[in-house]
Amino acid sequence: MNEFFLIIAAYLIGSVPTAIWVSRYFFGIDIRDYGSGNAGATNTYRVLGSKWGTFVMITDMVKGVIATSLYILIPYYVTKSNDWDRTNLMIGLGLAAVAGHIFPIWAGFRGGKGVATLFGMILAIQPVVAVCCVGVFLLVLYLTRFVSLSSILSSVAFAVFILFIFNDDVTLYRIFSVAVALMVILTHQKNINRLLNGTESKVPILKHRDRRRSNRQKRRR
């Protein structure tokens with residue numbers, strides 16, 4: 001019964017609609033009426049700029065960390081001898097937070113895609129793997145300026161890290177890693193189509209670098 005209430009609490013934490021509240025209180029708009037219509041960090045980058053996009057991304061990740069760490073409120077899961085049960089509960093709590101982000105009760109059940117919250121969940125369960133995934137995300141973002149592509153490739157990298165590189169022995173976690181990669185790919189179908197068509201928007205970071213690169217290429221011609 002205690003676990004049930006923790007999962008509800010995790011869902012409510014995940015439901016905090018960071019992008020929507022930021023857009024309403026600081027800009028007087030609903031972020032869902034602009035750009036891709038998504039209430040997540042990517043669309044915030046696109047519509048409100050890199051400062052607020054970064055704020056939303058970090059806050060959504062923190063939601064995942066806090067929700068997944070709620071297990072500490074039940075002493076049974078804190079002891080090292082209960083690693084298996086603790087990991088299972090953490091996955092349940094994290095998924096509840098991700099569900100809250102995607103279907104937030106505080107915002108008419110229209111939220112974001114849950115990638116940042118998902119990363120926060122992974123950070124709480126497997127910090128080393130999470131740091132590796134963030135590294136992949138930042139590298140792809142630096143090279144391409146596509147948050148969607150960065151999210152997709154880092155989620156695939158997560159499965160690769162768990163299954164092959166770190167070879168985690170928790171069966172449920174291995175299944176979860178594959179499910180994460182598939183979920184992120186499925187929720188980014190529109191982004192994938194836009195990437196293939198060359199119409200996906202880049203986030204407004206490093207644009208000066210790309211402008212200088214474009215000018216150098218023009219001068220060489």
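This report describes aromatic pairs, helix packing, cysteines and backbone angles in a predicted model.

Residues are numbered from 1 along each chain as its sequence is written, and side-chain values use heavy atoms, with hydrogens and water left out. Because the model is predicted, local features need pLDDT of at least 70 and side-chain atom pairs count only at pLDDT 80 or more, whereas totals for chains, interfaces and linings use all residues.

**Aromatic pairs**

Rings of Phe, Tyr and Trp (its six-membered ring) are taken as a pair if their centres lie within 6.5 Å, and the pair is stacked if the planes are under 30 degrees apart, edge-to-face if over 60, and tilted for the rest. By this rule the structure has ten aromatic pairs. One of them joins Phe4 and Phe5, whose ring centres are 5.7 Å apart and whose planes stand at 70°, so the pair is edge-to-face. Tyr173 and Phe176 form a stacked pair, with 5.9 Å from centre to centre and 15° between the planes. Both Tyr173 and Phe176 belong to helix α9 (residues 171-187), where they are three residues apart, about one turn of the helix; helices here are DSSP runs (H or I, at least four residues), numbered from the N terminus. Phe26, Phe27, Trp52 and Phe55 make up one aromatic cluster.

The table gives the relative accessibility of the residues in the two pairs described, where buried means under 20% relative accessible area, exposed over 50%, and partly exposed in between (1.4 Å probe, protein chains only).

| Residue | Relative accessibility | Class |
|---|---|---|
| Phe4 | 49% | partly exposed |
| Phe5 | 51% | exposed |
| Tyr173 | 1% | buried |
| Phe176 | 7% | buried |

**Helix packing**

Helix α4 (residues 50-68) and helix α5 (residues 83-102) pack at an angle of about 145°, and their axes are 8 Å apart; the axes are lines fitted to C-alpha atoms over the stretch in contact, and angles run from 0 to 180 degrees between N-to-C directions. On the α4 side the contact is made by Asp60, Lys63, Ala67 and Thr68, which meet Met90, Leu93, Gly94, Ala97 and His101 of α5, contact being defined as heavy atoms within 4.5 Å. The residues of this contact comprise four nonpolar, three polar and two charged, where Ala, Val, Leu, Ile, Met, Phe, Trp, Tyr, Cys and Pro count as nonpolar, Asp, Glu, Lys and Arg as charged, and the others, Gly among them, as polar.

In helix α3 (residues 41-48), the residues Ala41, Asn43, Thr44, Tyr45 and Leu48 are buried, and the buried residues of α3 pack against α2 (18-27), α4 and α8 (147-165).

**Cysteines**

A disulfide is counted where a pair of cysteine sulfur atoms lies within 2.5 Å, and the structure holds zero disulfides. Cys132 is in no disulfide, since the nearest cysteine sulfur, that of Cys133, is 6.9 Å away, a distance too far for a bond. Cys132 is partly exposed, with a relative accessible area of 26%, whereas Cys133 is buried, at 0%.

**Positive phi angles**

Gly49, which follows α3, has a positive phi near 105°. Phe109 also has a positive phi, of about 60°, although it is not a glycine; Phe109 is found in the loop between α5 and α6 (115-125) and is partly exposed at 47% relative accessibility. Arg145, a residue other than glycine, has a positive phi near 70°. Arg145 lies in the loop between α7 (127-144) and α8, and at 10% relative accessibility Arg145 counts as buried.

Technical notes:
Helices (H or I, at least four residues) and strands (E, at least two) are DSSP runs, numbered from the N terminus.
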